[in-house]
Amino acid sequence: MDYKISESEWLLMEQLWQGEMTQAQLAEHLGKKWNKNTIHTFLIRLCKKGFAEVDRERSPHVYRAAVPREACEKQERESFLQRVYRGNVGNMVASFVKDNRLSAREAEALRKLLDECRRQETEPE
C-alpha cells in the first residue's frame, strides 16, 4: 500500500490516530476553518484510499484509522529522502546539522545512535 496522503488528510488522520471519532467530533477538534462538508469529503477520500474505516452500524457513523501512524511516517520519510536527497541519508543528516537544526541534546543522541550502528556493523555474527 502506498501511504501517500495530502497535508490536509494528514491533519485529519492526526485526530483519527488518537482514537475513533464521529464527523462532529472531528469538526470540534479541527476548529472553525474546517466545515462539515470538507471533513466529509476528506473522510470519504481517506476511506477509499484505505487509510480510514467507517462503522456504519453506529449512528452517527464512527471513523477510525485503518493504517498505523508509523507506516505513514515511514512512507513520508522515504519519499522525502528519495525526492530531495536522492536516497542519501548521510547528506540529509549533514544538511540538518549544518543548518543548526540539532540541539546539543539531539546531537548527543544522534552521536550515540551512530556509535551503536557502527558497533552493530563490526560485531561478528
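Predicted model: local features only at pLDDT ≥ 70, side-chain atom pairs only at ≥ 80, totals over all residues.
Helix H3, residues 36-49, packs against two other helices. Its contact with helix H2, residues 23-30, has an angle of about 115 degrees, and the two axes lie 10 Å apart. H2 and H3 are therefore roughly perpendicular to each other, since angles from 65 to 115 degrees count as such. The crossing in which H2 passes H3 is right-handed. On the H2 side the contact involves Gln23, Leu26, Ala27 and Leu30, and on the H3 side Lys36, Ile39, His40 and Leu43. Sorted by class, the residues in the contact of H2 with H3 are 5 nonpolar, 2 polar and 1 charged.

The packing of H1 with H3 has an angle of about 85 degrees and an axis separation of 10 Å. H1 is thus roughly perpendicular to H3. Residues Ser8, Glu9, Leu12, Met13 and Leu16 of H1 make this contact, together with Ile39, Phe42, Leu43, Arg45, Leu46 and Lys49 of H3. The contact of H1 with H3 comprises 7 nonpolar, 1 polar and 3 charged residues.

Salt bridges were examined next. Side chains of opposite charge can pair when their charged atoms come close. The structure contains 10 salt bridges. One of them joins the side chains of glutamate 9 and lysine 49, with an N to O distance of 2.9 Å. Because glutamate 9 belongs to helix H1 (residues 7-16) and lysine 49 to helix H3, this pair ties together parts that are 40 residues apart in sequence. Glutamate 9 is buried, at a relative accessible area of 1%, whereas lysine 49 is partly exposed, at 38% relative accessibility. Glutamate 9 and lysine 49 are also both listed among the residues of the contact between H1 and H3.

A salt bridge is also formed between the side chains of arginine 69 and glutamate 14, at 2.7 Å from N to O. Arginine 69 is located in helix H4 (residues 69-85) and glutamate 14 in helix H1, so the bridge ties together parts that are 55 residues apart in sequence. Arginine 69 is partly exposed, with a relative accessible area of 26%. Glutamate 14 is likewise partly exposed, with a value of 25%.

A further salt bridge, between glutamate 108 and arginine 111, has its closest N and O atoms 2.8 Å apart. Both residues lie within helix H6 (residues 104-122), where they are 3 residues apart, about one turn of the helix. Glutamate 108 is partly exposed at 35% relative accessibility, and arginine 111 is partly exposed at 46%.

Two features of the backbone were noted in loops. The peptide bond leading from serine 59 to proline 60 is cis, with omega near 0 degrees. Proline 60 lies in the loop between strand S2 (52-55) and strand S3 (62-65). Arginine 86, although not a glycine, has a positive phi of about 50 degrees. Arginine 86 is placed in the loop between H4 and helix H5 (89-98), and its relative accessibility of 75% makes it exposed.

Glutamine 15, in helix H1, is buried with a relative accessible area of 12%. Leaving aside residues up to four places away in sequence, glutamine 15 touches Met21, Leu26, His29 and Leu30. Of these neighbours, Leu26 and Leu30 also take part in the contact of H2 with H3.

Alanine 52, in strand S2, is buried as well, with a relative accessible area of 5%. With residues up to four places away in sequence again left out, the contacts of alanine 52 are Leu16, Leu46, Cys47, Arg64, Ala65 and Ala66. The C-alpha atom of alanine 52 is separated by 36 Å from that of valine 97, a residue 45 residues apart from alanine 52 along the chain.

Definitions and conventions: Residues numbered from 1 in each chain as written. Heavy atoms only, no water. Axes fitted to C-alpha atoms, helices over the stretch in contact; angles between N-to-C directions. Helix = DSSP H or I, 4+ residues; strand = E, 2+ residues; numbered from the N terminus. Parallel < 35°, antiparallel > 145°, perpendicular 65-115°, else oblique. Left-handed = near helix turned anticlockwise from the far one by under 90°. Contact = heavy atoms within 4.5 Å. Nonpolar A, V, L, I, M, F, W, Y, C, P; charged D, E, K, R; others polar. Salt bridge = Lys/Arg side-chain N within 4 Å of Asp/Glu carboxyl O. Buried < 20%, exposed > 50% of the residue type's maximum accessible area, 1.4 Å probe, protein only.
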